[in-house]
Amino acid sequence: MNANTNEIKHWQNYPDKQKVLTDNFVTSIVEDQLSNIWIGTYNGLNKYIPSEKLISFREIIIDFKIPVWHLSKSSFYNNSIWIGTLKGLKRLDIITENISNVQLPQKDGLNFGLSVSSVVEEY
């Protein structure tokens with residue numbers, strides 16, 4: 001939505017087209033320090049760059065299109081976004097677009113033991 005004009009644009013996935021959202025089930029949206037929009041979906045992570053003239057989304061590959069449950073900017077790591085996924089916690093460097101795994105303690109016998117649905121940083 002454009003707050004100046006109240007214009008609303010609707011974007012969605014079209015399986016036969018490129019440069020669209022990877023899925024219509026959007027789980028999380030966050031804006032980074034460079035004004036790029038990161039969109040988590042049930043089928044991966046997308047990047048939208050508002051400054052580009054053509055509307056297009058870039059797919060950022062994480063473990064073969066796994067569900068992204070949560071996105072949040074890091075308060076501790078400059079230019080980083082936390083990504084909570086079905087297969088654990090990831091850290092995205094918005095400059096290099098490098099994604100690294102964050103090792104978390106695991107307990108045996110937990111359903112969805114690796115899944116991360118939210119991220120909270122404490123001071």
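R58 is partly exposed, with a relative accessibility of 39%; the class partly exposed lies between buried, under 20% relative accessible area, and exposed, over 50% (1.4 Å probe, protein chains only). The model is predicted, so local features need pLDDT of at least 70 and side-chain atom pairs pLDDT 80 or more, while totals for chains, interfaces and linings use all residues. Residues are numbered from 1 along each chain as its sequence is written, and side-chain values use heavy atoms, with hydrogens and water left out.

The structure contains 2 salt bridges, a salt bridge being a side-chain nitrogen of Lys or Arg within 4 Å of a carboxyl oxygen of Asp or Glu. In one of them, the side chains of E97 and K47 meet at 2.7 Å, N to O. K47 sits in strand β3 (residues 44–48) and E97 in the loop between β7 (88–93) and β8 (99–102), so this pair ties together parts that are 50 residues apart in sequence. Strands (E, at least two residues) are DSSP runs, numbered from the N terminus.

The side chain of E97 also forms a salt bridge with that of R58, at 2.3 Å, N to O. Because R58 belongs to strand β4 (residues 57–60) and E97 to the loop between β7 and β8, the parts tied together here are 39 residues apart in sequence.

Within it, K47 is buried at 8% relative accessible area, whereas E97 is partly exposed at 21%.

Conventions:
Helices (H or I, at least four residues) and strands (E, at least two) are DSSP runs, numbered from the N terminus.
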